[in-house]
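Subject: Structure handover

Hello,

Here is the structure I said I would pass on. Please look through it alongside the notes below.

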Amino acid sequence: MPLDRRSFLIGSGAAAVPLLLAGCGFVKSGPSQQAEGTLTFTTWGTDAELAGFRASISAFEAANPGSTITLNAVPYEQMFTNIDAQLQAGNPPDIFRVPYYTFGAYAGRGQLLDLSPLLASDTRDQFTPTAWAAVQNGGIPYGLPHHTDTSAILVNRNLLSQAGIDSVPTTLDDAWTWDELASIGDRLRSSLPADKYPWAYNWQGNGVTRWLSLLFQAGGSFLAEDQKTPLIDSDEARRAVEYSASFFSKGYVPANNTIASSSYASEAWFSQSVAMVWSGAFQLPDADATASFDWTATFAPRDRRGGGDFGGNALVATSQTSQPELAASFLEFVTQQEQMRNFCKSASLLPTRTDLLNSDLEFDIRSELAPIFAAQATTVQPQDAAQVASPSMSGIIPVLKEQLDLAFAGSQDAAATVAALQSGIAGVTGA
């Protein structure tokens, strides 16, 4: 399944949001010069991710004698409580890692460094339009997209085979439609014992943003280009709510596969309680090490279009850093081709550079599945990522959680759910 630069740009909708791709006032005309000084860098990460960051830091320090990058690795659960407290106290790290769905809140509060006068003039051309859109606020870049991930579907071949399903889509063009997936769900439901289920969806907690993939697949949006005006009151959103609520009413998912669940969807798949699970590529190493059954991956479904979640993280510098030039130099270095390739290969993550998303893309673990996730990423359009990067996203997430779980529990229908989402989002954004 070869992926060339042209196909990736087309799949990402390169012309969809021209305002986000317009010039951003860059003044540098070349790569960063040798830099000196000390920076603090706070992140969480898997063992592979932290090893990748340490390797990039060592390479940067070797290329820039006199520079020091101090890495502070913290558990994800503490990450943003710590960052918020440090920003409030006026002693934040110079650089930190941030999910795209959280990025907008920091940029909107003026807490991130405006990189536009510090980056090389061709910086934006190095990244996919979708990735570049995800680090913009008001047309200004406040970070660099370090990597992405998106949810495809991990499949237990044994459980599908018991239902007479011996193959899954192997090209994006053949991805199951919503109706086809429902037929698969019916076949699995009738063949599996009562305590096993066709699938689980990974929308737990702040992962509720992954439900938006269904909204995008239906052809809908939740915000206008201004990242404030709610657009979710639509037939497309009602269709997406009805479809996802049917996962519960038809017994496709366990009753506890709610957004409020304390258990992650992947746990049910690893225990073989479900036949399929929506999952990012980052889970491939765990699956390879611990899954005791024959498994593979296929694409998320499509409706009016393909769609996915723009997962992953950006690297940002805080506006309070005393070393803005050094911070920008480090961000540029870590997102160079070699550094990004090595990081993503070992951590099973997708690069955001256009020159890495091609047939040479590899993972250290189950590399044959890398093209599945890379192709799935092409379904994420720039306007999808721009909506999730809204400064109001941290307030929108609780609205999504509350209203969607009511729909999943059967407490309100799709029309009432969408009306409540429209009102709730307007209340958060002030639109």
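**Helix 3 and helix 13**

The axes of helix 3 and helix 13 cross at roughly 120° and come within 10 Å. Helix 3 is therefore oblique to helix 13, where angles under 35 degrees count as roughly parallel, over 145 as roughly antiparallel, 65 to 115 as roughly perpendicular and the rest as oblique. Axes here are lines fitted to C-alpha atoms, for helices over the stretch in contact, and angles run from 0 to 180 degrees between N-to-C directions. The crossing of these two helices, helix 3 and helix 13, is right-handed; a crossing is left-handed if the near helix is turned anticlockwise from the far one by less than a right angle, and right-handed if clockwise. On the helix 3 side the contact is made by Ser56, Ile57, Ala59, Phe60 and Ala63, and on the helix 13 side by Leu326, Ser329, Phe330, Phe333 and Val334. Contact means heavy atoms within 4.5 Å.

**What the model is**

This is a predicted model, in which local features need pLDDT of at least 70 and side-chain atom pairs count only at pLDDT 80 or more, while totals for chains, interfaces and linings use all residues. Residues are numbered from 1 along each chain as its sequence is written, and side-chain values use heavy atoms, with hydrogens and water left out. Helices (H or I, at least four residues) and strands (E, at least two) are DSSP runs, numbered from the N terminus.

An open sheet is formed by 5 strands in the order 2-1-3-11-6, with mixed pairing. At its edges are strand 2 (67-73) and strand 6 (144-149), each of which pairs on one side only. From one strand to the next the twist averages 20°. Two strands pair if DSSP finds at least two bridges between them.

Strand 1 and strand 2 are joined in the parallel sense by 7 bridges. Across this pairing, Thr38 stands opposite Thr68, and Leu39 stands opposite Ile69. Helix 3 (residues 47-63) packs on the sheet and touches strand 1, strand 2, strand 3, strand 6 and strand 11; its direction makes about 170° with that of strand 2. Helix 4 (residues 76-89) also packs on the sheet, touching strand 1 and strand 3, and its direction makes about 120° with that of strand 3. Strand 1, helix 3 and strand 2 form a right-handed β-α-β unit. A crossover is right-handed if, with the strands pointing away from the viewer, the path from the first strand over the helix to the second runs clockwise.

**Strand 3**

How is strand 3 placed relative to the rest of the structure? Of its 5 residues (95-99), 5 are buried, so strand 3 is largely enclosed by the rest of the structure. Buried means under 20% relative accessible area, exposed over 50% and partly exposed in between (1.4 Å probe, protein chains only). In a regular strand the side chains alternate between the two faces of the sheet. Here Ile95, Arg97 and Pro99 point one way, and Phe96 and Val98 the other way.

Strand 3 runs parallel to strand 1 (residues 37-43), to which 2 bridges join it; Phe41 stands opposite Ile95. With strand 11 (residues 311-317) strand 3 pairs in the antiparallel sense over 5 bridges, and Leu315 is the bridge partner of Arg97.

**Thr318**

Thr318 is found in the loop between strand 11 and helix 13 (324-334). Thr318 is buried, with a relative accessible area of 1%. Leaving aside neighbours within four places in sequence, its contacts are Leu87, Pro92, Pro93, Asp94, Phe96, Gln111, Leu112 and Leu113.

**Helix 17 and helix 18**

Helix 17 (residues 393-408) and helix 18 (residues 414-429) pack at an angle of about 165°, with their axes 9 Å apart. The two helices, helix 17 and helix 18, are therefore roughly antiparallel to each other, and their crossing is right-handed. Residues that meet here include Val399 and Leu400 in helix 17 and Leu421 and Ile425 in helix 18.

**Two positive phi values**

Most residues other than glycine have a negative phi. Gln227, in the loop between helix 9 (212-217) and helix 10 (235-249), has a positive phi near 60°. Gln227 is buried, with a relative accessible area of 11%. For Ser348 phi is also positive, near 55°. Ser348 lies in the loop between helix 14 (337-347) and helix 15 (370-377), and is buried with a relative accessible area of 0%.

Regards
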